[in-house]
Amino acid sequence: MSPVPTDTLPHEMLSYLDSLPEPHIVCDSAYRIRAANAAYQRIYGHSAAIIGQRCHEASHRSDVPCDQAGETCPLAQALQSGQRERVLHLHHTPQGEEYVQIELAPIRNARGELRYFIEKMEPLRMHAPEGGPRLTGTSPAFRRMLEMVSRVAPSEASVLLHGESGTGKELVAHALHESSNRRSHAFVVVECASLAETLFESELFGHEKGAFTGASQSKPGLVEAASGGTLFLDEVGDIPLSMQVKLLRLLETGTYRRVGSTELRHVDVRLISASHRSLPDMVAAGKFRQDLYYRLSTFPIRLPPLRERVQDIPALAAHLLQRLAPGRDMRLSAAALHCLQTWPFPGNVRELRNVLERACLLADGEVLDAALMAQALQPEATAWQAAAALPGAYSLPASAASPGHGTTALADAGSAFRAAPVATLQQLERQALLQALQRHAGNRAELARALGISERTLYRRLRQLQQETGHSA
């Protein structure tokens, strides 16, 4: 490494940095911090004493540069490329660790030599609004997904989120919106699965008075409500084919018409869509327009299932327990945590939340032990056992289907699940839903609560079941 320069930075540079609202630091090629603006010191709780420290010591508590500690180092990359670099880092703050987008720009002296590096830091906003749930994790699969989010968030590109149910697609959509230039405007969710085909156009584009029976007054649509902000189409695969061409027109021209109107309206929205289905497969089957698919998937992001990020379960569980049991210091024993990390969680983070809420309700104390966790996981094991008679289905160990089974049986159950083909999961869900429908005839709100899912998710599953079987659910 080159020695630390003894000259001071120009006063004009320091004054300019202090005028910037975002946190900025200046480093030299030896990784030493030469300046930190007021925003950096305020946000990250550092004083002027940080000057002279190495950047990796201040932000990562590391004795070696990031690229020697398994991280991507923008400064090391800029030394090689001589160009701007951009990376996502897990940064230490007074509030704990948080993901920070770092943009680093090299500065050359009069001889063209790399002399300084200015780093701008922008936190990735991972909280849902009003103190809701947040994206949590540090696993490689999770960080790869977040890297994609941080790359595309500041742009105007359409984003397609695809992944299994329960992986947090709406949370990621919120993060995209909150990290964009549109965050001061509305974030509007369109729940495509819960909108009847006859009402879809009216809900999306609005209608004029007298446009149809019951339209007693004009009503703006969700597209209009999202003007200047972000429109999130959740479960976009459920949009009727008849509506897809109108949505395509909106994306291509930024124009639409209210139902019952000839007036062409203009709107400025950024579109994010999500689906747990394979849209390419739907295109091949003629159930989704190819041209619309290409407009929606300018920047596709895959959300990893929980089984691909097992190391995130401790942090996820701790965060969920704080939300599920406010005022109670709920915590997991080592054996209970092992149960959760062994369980395959086909319902992903949503299923983890349900299991933890069940465990909190069953607990008398503040420690969730293995026996209690086994009891909380019992409904899932029972559902698997009920599906064992299906063709090609696996069978759980007998101990895993009986009350009081322990961690060994849970591990066996998890192994059995992982060995099962994907088709078995689909059969299991269909069978469990059919059985639940027989027990809860007519009351879908009660059925959704019993299944531990939202009414929106239940509505979507019922529609899928009707399409697959040809019978009304």
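Is phenylalanine 205 buried or exposed, by relative accessible area? Phenylalanine 205 is buried, at a relative accessible area of 3%; buried stands for under 20%, exposed for over 50% and partly exposed for values in between, with a 1.4 Å probe and protein chains only.

The model is predicted: local features need pLDDT of at least 70, side-chain atom pairs count only at pLDDT 80 or more, and totals for chains, interfaces and linings use all residues. Residues are numbered from 1 along each chain as its sequence is written, and side-chain values use heavy atoms, with hydrogens and water left out.

**Aromatic pairs**

Rings of Phe, Tyr and Trp (its six-membered ring) pair if their centres lie within 6.5 Å; planes under 30 degrees apart are stacked, over 60 edge-to-face, and the rest tilted. The count is four aromatic pairs. One of them joins phenylalanine 205 and tyrosine 256, a stacked pair with 5.6 Å from centre to centre and 20 degrees between the planes. Phenylalanine 205 belongs to helix H7 (residues 197-205) and tyrosine 256 to strand E11 (residues 255-256), so this pair ties together parts 51 residues apart in sequence. Helices (H or I, at least four residues) and strands (E, at least two) are DSSP runs numbered from the N terminus. Another pair, tyrosine 293 with tyrosine 294, is tilted because its planes stand at 55 degrees, with the ring centres 5.4 Å apart.

| Residue | Relative accessibility | Class |
|---|---|---|
| Tyrosine 256 | 5% | buried |
| Tyrosine 293 | 18% | buried |
| Tyrosine 294 | 51% | exposed |
| Cysteine 192 | 0% | buried |
| Cysteine 339 | 1% | buried |

A search of the whole structure finds zero disulfides, a disulfide being a pair of cysteine sulfur atoms within 2.5 Å.

**Packing of H7 and H9**

H7 packs with helix H9 (residues 241-253) at an angle of about 15 degrees, and their axes are 10 Å apart. Axes are lines fitted to C-alpha atoms, for helices over the stretch in contact, and angles run from 0 to 180 degrees between N-to-C directions. The two helices, H7 and H9, are therefore roughly parallel (angles under 35 degrees). On the H7 side the contact includes Phe200, Leu204 and Phe205, and on the H9 side Met243, Leu247 and Leu250 are among the residues involved; contact means heavy atoms within 4.5 Å.

**Alanine 335**

Alanine 335 lies in helix H13 (residues 334-342) and is partly exposed, at a relative accessible area of 35%. Its C-alpha atom is separated by 9.1 Å from that of methionine 373, 38 residues apart along the chain.

Conventions:
Angles under 35 degrees count as roughly parallel, over 145 as roughly antiparallel, 65 to 115 as roughly perpendicular and the rest as oblique.
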